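I opened this entry to note what I looked up, starting with a pocket and then a sheet.

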Amino acid sequence: MDWQFVKEALCAGRRFTQTQPGFSALTDTMMPSGASIEIFMQPDHEFLKLHDNGAAFDELARTGREIRSTVGLRRLVEASGCRLSENGPIFLDRLEPEKVSAGFAILADCSLRSAHYLIEHSTIMKRVALDTRVKEALLARFPEGRPNWTVQGAKRQHRFDFGVLLDGETVVVQTVTPDSSSISSAIVKGLDAREAPSGRVRPVLVYDADDHWSGENLAMLAYGGEPISADRAMQGRLGLAA
């Protein structure tokens, strides 16, 4: 038996990936949806800081439900030796590097139990969906625009939530939620649309600041277009300098 090969295969399955300013890796713990929990590591002087990138709140978002208070969740998290940040991620800091394996297990378990708590104590969202709110507001401000605007990108055709011709360029708007699949889809769509053979296309990715976005996920949106908050977009401010 080639145990070195087995070791390398196990490590490859962790999807050890470089991030800024550290690394991330998958754990053996799975959310109710079947998504594997990914833990992010950052240097903290001679220690490590681990966080789940808001995985528990992402799981809640997949259900279309919301939580009104995080007081009970904070108690649950702190009882596990972890902490809950203001914008959603659960983290474990001042971890000695030689204890990283135990830290991964503790944080992944805490993230899973937090997701169960959030779902069990949540209620069905009553607010209007983000894409509907943004479409209606933009149509009122830009009557020459059109919802469900299609663009032929470099590789395929894409449909955006809204589009309008402004100052010689096509501005296409796509709403995004913190869910990883929504983020990936918006980035891929925006990247391809920017290479449209028909001319200048400027993708704008609209997010709701109340959706527990992490700083890393917001930064990722910039790869696919201009990230703009829903409040700014609904005021018609479709540019970073607006």
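I worked from a predicted model, in which local features need pLDDT of at least 70, side-chain atom pairs count only at pLDDT 80 or more, and totals for chains, interfaces and linings use all residues. Residues are numbered from 1 along each chain as its sequence is written, and side-chain values use heavy atoms, without hydrogens and water.

I looked up the largest pocket and found a volume of about 640 Å³. A pocket here is an open set of points on a 1 Å grid over the protein atoms alone, where a 1.4 Å probe fits, with protein on both sides within 12 Å along at least five of seven lines; lining residues have an atom within 4 Å of a point. The volume is the space filled by probe spheres set on the points, which are joined across faces, edges and corners. The lining has 27 residues, and Glu38, Phe40, Asn53, Ser180 and Asn217 are the closest to the centre. Among the elements that each supply at least two lining residues are β3 (36-44) and α6 (180-194); helices (H or I, at least four residues) and strands (E, at least two) are DSSP runs, numbered from the N terminus.

Sheet. I then traced an open sheet of five strands, in the order β9-β10-β11-β12-β13, with mixed pairing; two strands pair if DSSP finds at least two bridges between them. Its edge strands are β9 (146-152) and β13 (226-229). β12 (residues 201-207) pairs with β13 in the parallel sense over four bridges.
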